[in-house]
Amino acid sequence: MNIAMVASEINPLAKSGGLADVVFSLSREYRKKGNKVICVMPFYKSIDTCKYKVKHLGTYEVDVGWRRQEADIYKARISNIDFYLIGDYYYFGRDGLYGYDDDGERFAFFAIAARNLFGFIDFTPDIVHVHDWQAAIIPCLLKEQSKNDPRFASTHTVLTIHNPAFKGMLDPHFLGDFFNLPMDLYEDGSVRFEDRFSTLKAGIYYADKITTVSPTHRAELLTEEGSQGLCSVLAFRKDDFTGIVNGVDEAEFNPRKDLFIPLRYGLKNMAEGKAAARASLIQKCGLKDNGGPVFGMVSRLTYQKGVDLLLSSAKFSLSRGAMLFVLGSGEAHLEWGLEQLRQQFPEQVGIYIGYSAERAHEIYAASDFFLMPSLFEPCGIGQIIAEAYGALPVARATGGIVDTVIDYNGENADVATGILFKDYDEGGLCYGMYQAEVLYHNEKAFRLMQHNAMKANHSWKDSAELYLGVYRELLARN
Ligand code: GLC
């Protein structure tokens, strides 16, 4: 199969969240199974062109509404996959990936140029798989503008929703001024969402298949409360909508081979390995070990991740002797709140604002429990990695967390892998952390659960097979 993956960030070239990991891991699985895969993403300034031997391939013109702009195409080959990078210095020669006033325009250019890339590199895709709002308009462009192009005669499209909170909400004039699409698509509702033009809605309407990143989140997206407004449009596409859970890259996150942690460990020496990681992290952060349970959190610090809950709940566990390590960056008031918590409990709390792979791995290894009090979580990757390191998730029962953590009910320590709570409020997280403290003192059950967690299978193999099943179903339609 010829598969094109189109996304705004793909590992290892650019990453701000789980999306980058997912697209790269999936692409590698497809490649291993003998498919031809290309990855298409923007050429950001931050990309390390020397390390990845990025070469300039050529330039073509892109019609962006009434204007004509040049797309500079770069290429790199990573893990036997061809990466095509769409460059325009004005749009992508900036310090960050997102967060600019003209993001809508930047990714409009990206999407149009990505659709035009196939002719330029002479690639005839069987599947164009687009991810999130930045690429979600491509199925619409293919159907409305390229349907007579023989290159796409047997092309099918798939949209994966990683984060429904971002819908690519644009002024309706974008339809004509940027995409050269008729206003009718807005008038008849195909691309309209809450009186704006939404690229995500357009993707849901036009893609041949839609997926999201866990079965539970699929179910949530079909309900009024859990769908962030998308339930009616998704209900319309229900039969073509699947939930497939993410995996983790087992080569990157494996305590048996991890070079970042002081003592590598498997099931047999888990207790020693985790004790060494704990001692080293406590020492590095200048804290004092009081023997209490260690809670860890590695996360973007945004409202979605429940950091506000942590700020109000953690003090109860901390005052009973727990320890806490947090790594991440994001909203300033949450970063500041964490710093205040550290000042309140200076011997028990370690905060690292920013990102460091080394520090993240150390936290996974040192933690007894991993906090994920998310408001919503389409899949979540942290809890899966934590399990691999024997850090039991203490997490809110939402989205993919439900599909990847087996909740402890006091009697099922032989199968459980973590502790789930339901309510998104201070009481919910306090309850979860308190259950964790009780479990920590029940050594037999605690160790058993750590073993279950480390043994859980979260490889990409099965999920990649499910995605390929979705593709095959489409190819069979021809
Ligand atoms: C988004 C979601 C997260 C998911 C990731 C990768 O970041 O918020 O839950 O794991 O995408 O699919």
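The model is predicted, so local features need pLDDT of at least 70 and side-chain atom pairs count only at pLDDT 80 or more, while totals for chains, interfaces and linings use all residues. Residues are numbered from 1 along each chain as its sequence is written, and side-chain values use heavy atoms, with hydrogens and water left out.

**Exercise 1.** Find out which side chain of opposite charge is nearest to Glu 220, and which residues Glu 220 is in contact with.

*Solution.* Start with the place: Glu 220 sits in helix α9, residues 215-221 (helices are DSSP runs of H or I, at least four residues; strands are runs of E, at least two; both are numbered from the N terminus). Next, look for a charged partner. Glu 220 is buried (under 20% relative accessible area; exposed is over 50%, partly exposed in between; 1.4 Å probe, protein chains only) and has no salt bridge, as the nearest side chain of opposite charge, Arg 396, is 6.9 Å away. Here Lys and Arg count as positive and Asp and Glu as negative, with His and the chain ends not counted. A salt bridge needs a side-chain nitrogen of Lys or Arg within 4 Å of a carboxyl oxygen of Asp or Glu. Finally, list the contacts (heavy atoms within 4.5 Å): leaving aside neighbours within four places in sequence, these are Gly 226, Ser 227, Thr 398 and Gly 399.

**Exercise 2.** Work out which parts of the chain the salt bridges of Arg 278 tie together.

*Solution.* Take Asp 289 as one partner: its closest O atom and the N atom of Arg 278 are 2.8 Å apart. Arg 278 lies in helix α11 (residues 270-284) and Asp 289 in the loop between α11 and β13 (294-298), so this pair links parts 11 residues apart in sequence. Now turn to Asp 368, whose salt bridge with Arg 278 has its closest N and O atoms 3.5 Å apart. Asp 368 belongs to the loop between α14 (357-366) and β16 (369-372), so its pairing with helix α11 spans 90 residues in sequence. Then check burial: Arg 278 has a relative accessible area of 10% and is buried, while Asp 289, at 45%, is partly exposed. Asp 368 is buried too.

**Exercise 3.** Identify the residues that come nearest to the ligand.

*Solution.* Of the 14 residues around the ligand (a heavy atom within 4 Å), His 162, Asn 246, Glu 377, Cys 379 and Gly 380 come nearest. For distances to ligand oxygen atoms, a polar side-chain atom of Asn 246 gives 2.9 Å and one of Glu 377 gives 2.6 Å.

Key
Polar contact = N/O pair within 3.5 Å; in protein donor to acceptor, adjacent residues only side chain to side chain.
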